[in-house]
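Colleague: Could you take me through this structure slowly, setting each value against the rule behind it?

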Amino acid sequence: MLSMNFKSYLEKQGFRKSTVFGHLQDLKRFEKWCKNQNVNPTKAKYNDLLKFIQFKQKDGVSKSTINNHLNSIQKYFDYLVRKDNPARDLRLKNNGRTIYKKLLTSDQLEELYTNFQIRHEWEFRGDVTRKAHKRNSVILGLLVYQGIQSFELSLMEKAHLNLLQGTVYIPSSAKGNSRILKLNASQILPMQNYLQDLPKEQEKLFVSSKLSNCLTWIMRALRKSFENINAQHIRASVIMNWLKLHNIRQVQYMTGHKQISSTERYKEQDVGDLQK
């Protein structure tokens, strides 16, 4: 009931549907953590939020994502009319310049995807788990080969895949431009198998409510080989590898960056690393 009332509150504030959905998902994550910690989410204090931040950091969540969580929690406390809103001025500092120190090469990314995709059949029990692995393989492929952002996964539809031409359309959003990118040959068959399992009436490529858990599970599996890896780390690696092969305008299009400056900062770090 609280979530539904909070949703109405956000809608009255004039937020877009996608933004409202994001805040509600953040709230669910926070409520789940509170339940495990025996904390009342409506009365969480500053120290509770610090523990929540530490929990997210240990799970490999980026600073910007944690700040998004805190932003949602702040709005939730505002909705509750808490005068002592502990999330109001609580944010992690991020200078926005450092990308990642140990980026993955194209070969390492391909190895990452291949090893994940061909996990032994005995690891999966039942059709449900096999279907989940098919879905997760498709998601990881989009991260590794198209450098897609995690939030863009929820925007994708089955119609955006053109397996005959070997392309994928990534729709525009408030944060990025649309683009059409080539699929890697190793993605085609897993995508075909995944599409066969989807209900005919389902237009979305992935169920939005399950994406967060899917990404968490995928990253935990990958960290057995690459410590502290996350979706942002993979995307940064893809972009840096693209810059070695294409001009900066091409990479801007491929990444969906609205501003060329967003692409340039990757180039600047690459030059800085060479100078060091």
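Modeller: Let us begin with helix H4, residues 63-79, whose 17 residues should span 24 Å at 1.5 Å a residue, since the expected span of a helix is 1.5 Å times one less than its number of residues. The end C-alpha atoms of H4 are 24 Å apart, which agrees.

Colleague: What kind of model is this, and how are its residues numbered?

Modeller: This is a predicted model, in which local features need pLDDT of at least 70 and side-chain atom pairs count only at pLDDT 80 or more, while totals for chains, interfaces and linings use all residues. Residues are numbered from 1 along each chain as its sequence is written, and side-chain values use heavy atoms, with hydrogens and water left out.

Colleague: What makes a stretch a helix or a strand, and how many of each are there in the protein?

Modeller: Both are DSSP runs numbered from the N terminus, where a helix (H or I) needs at least four residues and a strand (E) at least two. By that rule the protein has 11 helices and three strands, and from the N terminus on they run α-α-α-α-α-α-β-β-β-α-α-α-α-α.

Colleague: How do you know that the span of H2 agrees with its number of residues?

Modeller: The 20 residues of H2 should span 28 Å at 1.5 Å a residue, and because its end C-alpha atoms are 29 Å apart, the two values agree.

Colleague: Why is asparagine 38 called exposed?

Modeller: With a 1.4 Å probe and protein chains only, a residue is buried under 20% relative accessible area, exposed over 50%, and partly exposed in between. Asparagine 38 has a relative accessible area of 72%, so it is exposed. It lies in the loop between helix H2 (17-36) and helix H3 (46-58), and it has a positive phi of about 60 degrees although it is not a glycine.

Colleague: Why does valine 81 count as exposed?

Modeller: Its relative accessibility is 65%, so by that cut-off valine 81 counts as exposed. Valine 81 sits in the loop between H4 and H5, and it too is not a glycine, yet has a positive phi of about 60 degrees.

Colleague: Which residues of H2 and H4 are buried?

Modeller: In H2 they include Leu24, Leu27, Phe30 and Trp33, while those of H4 include Ile66, Leu70, Ile73 and Phe77. Over the protein, buried residues make up 43% of the 276 residues.

Colleague: What makes a set of residues a nonpolar core, and how many residues has the largest one?

Modeller: A nonpolar core is a set of buried Ala, Val, Leu, Ile, Met, Phe, Trp, Tyr and Cys residues joined through side-chain atoms within 4.5 Å. The largest has 47 residues, and those with the most contacts inside it include Ile139, Phe206 and Ile234. The elements that give two or more residues to this core include H5, H6, strand S2 (167-170) and helix H7 (185-197), and H9 gives the most, with eight residues. Apart from it lies another core, of 21 residues, among them Phe6, Phe30, Trp33 and Ala87.

Colleague: Which residues does isoleucine 234 touch?

Modeller: Contact means heavy atoms within 4.5 Å. Not counting residues up to four places away in sequence, isoleucine 234 touches Leu109, Leu112, Leu140, Leu143, Val144, Met219, Leu222 and Ile229.
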